[in-house]
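Me: I'd like to learn how to read pockets and sheets in a model. Can we walk through one together?

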Amino acid sequence: MKKSTLAIILGGGQGSRLSPLTESRSKPAVPIAGKYRLVDIPISNCINSDIKRMFVLTQFNSASLNQHIKNTYHFSHFSTAFVDILAAEQTPDNPTWFQGTADAVRQCMGHFLNHEFDYALILSGDQLYHMNFNEMIKAHENSGAAISIATLPVTAKEASEFGILKTDSENFISSFIEKPAAELLPEWTSEVSEEMKEEGKNYLASMGIYIFNRELLVELMENPDTKDFGKEIIPQAIGKHKILSYQYEGYWTDIGNIDSFFEANLGLTDEIPKFNLFDNSSKIYTRARVLPPSKITGASVIDKSMITEGCIINSAKITHSVVGIRSRIGKDTTITNSYLMGNDFYQNLEEISSNLEHDIINIGIGERCFIDNTIVDKNCRIGNDVHLIGGKHLEDTNTNLYTVRDGIIVVKKGATLPDGFTV
């Protein structure tokens with residue numbers, strides 16, 4: 001069964017809602033949890049499900065993603081496993097870039113058809129969840145469906161943000177509506193488990209995870225007018241093909257904007273997080289780095305936080321925060337409700353000393369800083385006595401050094417904030 005499945009991971013478009021994190025990298029390459037990339041989530045779910053033939057489709061800022069996948073996913077020379085990047089390419093038959101999710105798959109069909117597979121598992125590159133795809137594939141096979149869609153029970157308040165599906169008594173999808181208005185919702189309830197009913201989750205939202213039978217996918221891709229799975233392919237297939245709703249009741253979030261990205265990262269610091277990085281059966285794989293343990297000196301206070309490897313922390317107070325690889329934090333600095341992505345390299349002692357002599361700010365966070373409700377992208381240089389205090393009191397803005405979205409300050413990759421800088 002596993003050998004019959006080919007995974008196709010959609011890298012997404014320009015990722016403007018995640019800007020400025022996507023100014024120099026594609027959405028699947030955005031760092032998450034201090035040491036992973038978003039693309040590691042669907043790839044790890046596939047590996048844990050023993051699905052080891054994967055394509056990642058992307059077209060914007062793909063260099064960082066290419067490098068990460070090349071340095072991370074190495075399989076035996078004697079296996080058929082692979083993770084391949086397919087960037088948009090112009091050909092005589094396809095003179096344009098990807099015009100949508102379905103168009104991306106259509107333009108790459110020639111590459112997919114070079115492989116034997118019965119099912120195409122189509123995934124998003126910007127979601128956070130654990131899922132055993134074998135269970136979904138088994139349900140797909142047993143039902144005789146031509147298409148299966150993973151669906152998530154949601155509340156009435158959440159339903160207006162999703163495409164909502166209505167199912168019959170056998171869990172086949174009978175109708176679909178995109179982001180329904182509140183007054184329409186009573187007509188769109190579906191059968192869910194008793195536990196979901198008790199939580200008021202009576203509506204089934206599409207998770208953007210699909211299984212297609214190979215023959216049907218080939219047939220559907222022959223129509224060049226359909227550009228998107230969620231908006232065109234799926235709605236048009238309802239009533240023509242058997243489409244199964246595979247209900248998933250675990251944690252799932254779509255990393256669509258800065259607010260959801262920030263919330264997902266800080267949620268990892270909960271005592272029992274909804275997304276469990278400490279699960280032996282659902283490991284998240286990423287690039288193996290040879291880094292020393294983190295070093296914490298002085299009277300540091302660290303509470304409800306995640307500190308990744310290779311950090312140097314000196315007499316700091318860190319609460320409800322995620323601190324990424326190779327982070328340097330100076331003494332008497334306070335970090336609260338923040339995500340520091342860390343750094344790609346260390347500076348040596350000679351360079352650090354020389355910079356101090358010449359009033360050049362070193363990579364990392366200086367002394368006596370106060371950082372709250374902030375995302376600090378990679379390789380930033382933050383001086384002493386810098387105050388970054390996010391919150392709803394701040395208006396959305398964009399500068400060369402930082403962006404404010406929904407009250408969250410995002411310090412741009414490689415930015416230098418001088419001593420005393422304040423937001």
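**A pocket and a sheet**

Reply: Start with the second largest pocket: 22 residues line it, and Leu 356, Asn 362, Gly 366, Glu 367 and Asn 384 lie nearest its centre. This is a predicted model, where local features need pLDDT of at least 70, side-chain atom pairs count only at pLDDT 80 or more, and totals for chains, interfaces and linings use all residues. Residues are numbered from 1 along each chain as its sequence is written, and side-chain values use heavy atoms, with hydrogens and water left out.

Me: What is the volume of the second largest pocket?

Reply: Rolling a probe the size of a water molecule over the atoms shows where empty space is left. Here a pocket is an open set of points on a 1 Å grid over the protein atoms alone where a 1.4 Å probe fits, with protein on both sides within 12 Å along at least five of seven lines; lining residues have an atom within 4 Å of a point. The volume is about 530 Å³, the space filled by probe spheres set on the points.

Me: Which element gives the largest share of the lining?

Reply: That's α10, with 3 residues. Helices (H or I, at least four residues) and strands (E, at least two) are DSSP runs, numbered from the N terminus.

Me: And the sheet: what is the strand order?

Reply: Strands of a sheet pair through backbone hydrogen bonds, either parallel or antiparallel. This open sheet of 5 strands runs β15-β18-β21-β24-β27, with parallel pairing; pairing takes at least two DSSP bridges between two strands. β15 (301–303) and β27 (387–389) are at the edges with a single partner strand each, so one side of each has no neighbour in the sheet. β24 (residues 370–372) and β27 pair over 3 bridges, and Asp 372 stands opposite Ile 389 in β27.
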